[in-house]
Amino acid sequence: MTQEKQPITTNSAVPFPSTAVAAEAARDDAGIAKEDTAWTDRPEPAAGLAPITVAAPTPEPQDTAEGAPGRAPKMRADSISVFYGEKQALKDVSIQIHEDRVTAFIGPSGCGKSTFLRCFNRMNDTISGARVTGRIELDGEDINSAQMDVVHLRARVGMVFQKPNPFPKSIFENVAYGPRIHGLADKKADLEGIVEKSLKRAGLWDEVKDRLAESGTALSGGQQQRLCIARAIAVDPEVILMDEPASALDPIATAKIEELIHELRGRYAIAIVTHNMQQAARVSQRTAFFHLGELIEYGRTSDIFTNPREERTQDYITGRYG
Amino acid sequence: MSLTLALAAVLAIAAAAAYLGRNKAAGLRGGGARLNSLPSYHGGYVFLWAALPPLLLLAIWLPIHNALVEQAVSASPAGQQLPDFAMVREAILTEAREIATGQREAGFNPESAKLAPVYRSTMAHYAWIGGGLAILLALAGAAWALTRVRASFRARSGVERWVMGALVGASLIAILTTLGIVLSLLFESLRFFSMVPPAEFLFGTQWSPQMALRADQAGSSGAFGSLPLFWGTVFIGAIIAMVVAIPLGLMSAIFLTQYAPAKLRSVLKPALEILAGIPTVVYGYFAALTVAPAVRDIGINLGVGSASSESALAAGLVMGIMIIPLVSSMADDSIAAVPQSMRDGSLALGATRSETIKKVVLPAALPGVVGGVLLAVSRAIGETMIVVMAAGLAANLTLNPFESVTTVTTQIVQLLTGDQEFDSPKTLAAFALGLVLFVITLILNLIALRVVRKYREAYE
C-alpha cells in the first residue's frame, strides 16, 4: 500500500530533490509541538523520534527535546465554523500553524479550505454575510478580539491570492505599497532597500531590476504572482497565507513558486491552500485534508500521503474523487 | 376617394392576402407536403409584400400631393386670375384649401370661394391617382407573394429580411436626422461667416449683436466676438460646476459602492437619481430665485462690490448639483468594475478601506471617472435653462465668480427669441454659436468614449 502511493510524493517536477519531503518530515517530527493532538495519536512511522503524547493544548518546555526548535504554534485555530448567511461552510475546525513549516490545506472544490485560510487574516470580514465562530490566536493573542486591529493583523499575516493581482502600478510601487502605508521606511533609500530585498527574496529581482518603473500588470503570470509574494514579504509578515498560488500558472512558473515557498519556509510560517496533491506533497510538511467543510485528517505530509488514517483521505489522494 | 380610404383599402387587401397565403400554405401541408416555413410565416410574408410597398408609396406621395394640387390649381383658369403678389396669392390659396377641406366656412378673400371647388376637385383627382396607385401596388404585391407560396419557399427568411430592413430604416432615420441638423447648422453658419469673418467671431472679445436698423442709429455696432460667451460657458460649465460636481459625485459614488450597506444603497442610489430627473427649468428658477440672491449677499459680505444678482457662481453651483448624478453614476460603474481581487490584495497588506480606495481603487478606476467627467462637462456646457435664468446676459470676460457672465446657450436663446429676420448676422450668429458648441461637445464626447472604452478593454 505504501508502495502504491509512493509515486505521488516522488512524482515531482520541482527543482529541489523529491527526497526533500521525506527528509523534512524526519527533521520536522522532532519539532512538533505537543498540542498537535488528534493526528499524533498513533504509532510513529519511524523510531527514535520525539515522543508523542496526547497533551493539553499548551506548549511545554520539554517540546525542545532532541535539540529541535520546538515551540508554540505561530497560529492556532480552535473550533472554527464559518457561515455564509444560513449556509455553514466550515464545521468546527481546529488546527495549528507552525513557524518554519509549510502547512498545506487540501481537499476537493468547495470543501472550505480557502474559507478557512481567509479566517487567519480576517479576510472573511470583507464578505458581507460571512460569520466566523471559534477562536484564532496569533502568538497566543485572539485575532478577533477588540484589541486586535485588523490592519495590524494583516500586516503580520500576509496573503497571496489564487489569481495574481498586482496593482495597476509600477513594479516598484507594487512592492513599496505595503511599506508605505505602514510607514516602514522613512527615507527613499530605505524604501528602495526594502523593495530590492523583497524582490530578491521572491526570486524576481534579476528579472525586473532594470524595469522597476514598468507596470506590474505587464509581467507574465508567474512573474506577477512572485511580485505579489514580494509585495506580501515587503511588510515583513510573520505568517504568509497562500490561496492556491500556482493554480493559474503554467508548470514552469509553478515550479518557481514552489521553489520559492521552499526557500521562504525558513523565515515565515506558511499556510498554503492547494488543489494539487503533488504540490502539497512537494512543498509542505503538514497537510490538512478537508471535505465538505470538515477537517478529515491533519498530520505530517509524509503520513497523509503514504499512510492516511482515514479512508476518505486515501480515496482523495489516490484520485478516486475530487 | 381620400387617401385615408386608400390606406384602409391597402391594409384590407394585405390582410385578405395574408389570410389567403396562410391558407394556401396550410393547404399544402394538408396535402402532405413538408413546408419549409410555418403557414403563419407564409401569411406574414404575403402581408408584408402587400402592405409595405403601398405604404411607402403613400408616405412619399403625401408631401408631393399638396405641391401637385397647388400647382394644378394655379394652372387652372380660376387660378390664372389670382394676383401675382406672392403673399396675397398664398393667402388666397390657403383659404381655398381650408374651405375645400371644410376647415373653415368662408374666406376673407372673395377669390378663395371661387377657387374652393377647383381645389376640391383637384385634390380628389390626385387622391384618386395616389390611392389608386397604392391599391394597385398592394394587389400586385399580394399576387406576386401569393404565387411564391410553395412548400419549398423560405418564407421565414423572407420575413427576416423585411425585419432587418425595418431595423436598418429605424437607425437610418436617427442618423439622417443628425446629419440634417448638422448640415442646416453648417449652411446657416456659412451664411453668417460670409458676413462676419471667422477670425473676428472666434477671437473677438466684444459681443454686441444688436444691428442698426437705421443708418443713423447709435450704439448698435454689431460686434460678434464670441470669446466672452465661450469663456462664460467654460467658467460656469467646466470650472465652477465641475468644482462642485466632481468631488461630490465621486465621494457619493465611493460611499455608495464601498461603504454603504446594500440596504442603504438601495435607497440612496435611486434618491440620487431623482436629481437627474428634475427638469432643468426647475433647477433654473432654484438658481435664480434661491441661490443667486444668497450668493450675491455672500459676495457683498465678502466685500466684493461688483457682486451681481445674476452671477456665474450661482449658475455654476446649481449646474454642478445637477451634474452630480451623471458623475456619480459613471464613477460608480467604473469603481464597481475594479476587480475585487485588487481590493483584496490591498486589504490583505493591511491597508485600510480608505487607503485602498485612494491608492488602488481610484487610480484603477480613473479612466472611467475621467470619461464620466468629460461627458458631464459636455452636458454642462450645452445646458441652457439654468444659465438663461441665473447667469445673466452681460458678456463679461471676468474671473470674478460673483459677477454676471453669459453663455453661448443663453445668447442663442436671446438671438432667436421673438420675431426675427433670418438674413441678418444677428440671427445667423446663433447658428455659428451652435455650430462651435456642437463641435466642442462632439470632441469632448469622442474623447470621453474613447477613454472609457480603453479602460473597459483593460479589465475584461
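1. In this note, helices are DSSP runs of H or I with at least four residues, strands are DSSP runs of E with at least two, and both are numbered from the N terminus. Counted in this way, the secondary structure of chain A comes to 13 helices and 10 strands, whereas chain B has 16 helices and two strands. The model is a predicted one, and everything said below should be read with that in mind.

2. Of the 322 residues of chain A, 49% count as buried, and of the 460 residues of chain B, 40% do. In chain A, if one takes the contacts between residues at least 6 apart in sequence, 69% of them join residues at least 24 apart. For chain B, residues 24 or more positions apart account for 74% of the contacts with a separation of 6 or more.

3. The overall form of chain B deserves a comment of its own. A compact globule of 460 residues would have a radius of gyration near 23 Å, but the value for chain B is 32 Å. Taken along the principal axes, the C-alpha atoms of chain B fill a box of roughly 80 × 80 × 40 Å. The chain is divided into domain 1, covering residues 3-153, and domain 2, covering residues 223-459, and the C-alpha centres of these two domains of chain B lie 50 Å apart.

4. In chain A, the student may wish to look at an open sheet of four strands, which follow the order 2-1-4-5 with antiparallel pairing. Strand 2 (87-97) and strand 5 (141-142) of chain A each have a single partner strand and stand at the edges, so one side of each is left without a neighbour in the sheet.

5. The pairings within this sheet can be followed one by one. Strand 1 of chain A, residues 75-84, is joined to strand 2 of chain A by seven bridges, and A:Ile80 stands opposite A:Val93 of strand 2. Strand 1 of chain A is also joined to strand 4 of chain A (residues 130-138), here by eight bridges, with A:Val82 standing opposite A:Val132 of strand 4. Two bridges then join strand 4 of chain A to strand 5 of chain A, and A:Glu137 stands opposite A:Asp142 of strand 5. These last two strands of chain A form a hairpin with two residues between them, in which A:Asp139 takes a positive phi near 50°.

6. For B:Ala315, if neighbours within four places in sequence are left aside, the contacts are with B:Ile236, B:Ala287, B:Ile386, B:Val387, B:Ala390 and B:Ala391.

7. Is B:Leu433 buried or exposed? The cut-off for a buried residue is 20 or more other C-beta atoms within 10 Å of its own, and B:Leu433 has 26 within that distance, so this residue is buried. B:Leu433 has its place in helix 16 of chain B, residues 425-459. Not counting residues up to four places away in sequence, B:Leu433 touches B:Ser226, B:Leu229, B:Val408, B:Gln411 and B:Ile412. B:Leu229 lies 204 residues from B:Leu433 along the chain, yet their C-alpha atoms are separated by 9.1 Å.

8. Helix 12 of chain B, residues 340-348, has as its buried residues B:Arg343, B:Gly345, B:Ser346, B:Leu347 and B:Ala348. What covers these buried residues includes helix 13 (353-382) of chain B together with helix 5 (150-156), strand 6 (157-160) and helix 9 (221-234) of chain A. Just after helix 12 of chain B, B:Gly350 takes a positive phi of about 90°.

9. Finally, there is the contact between the chains, in which 22 residues of chain A meet 15 residues of chain B. On the side of chain A that touches chain B, at least two residues each are supplied by helix 5, strand 6, helix 6 (171-181) and helix 9 of chain A, and helix 5 of chain A gives the most, with four residues. By class, this side of chain A has 12 nonpolar, seven polar and three charged residues.

Methods
Residues numbered from 1 in each chain as written. Chains lettered and ligands numbered in written order. Predicted model: local features only at pLDDT ≥ 70, side-chain atom pairs only at ≥ 80, totals over all residues. Pairing = 2+ DSSP bridges. Domains from an automatic or database assignment. Buried ≥ 20, exposed ≤ 12 C-beta atoms within 10 Å, placed from the backbone. Contact = placed C-beta atoms within 7 Å. Nonpolar A, V, L, I, M, F, W, Y, C, P; charged D, E, K, R; others polar. Rg over C-alpha atoms; globule rule 2.2 N^0.38 Å.
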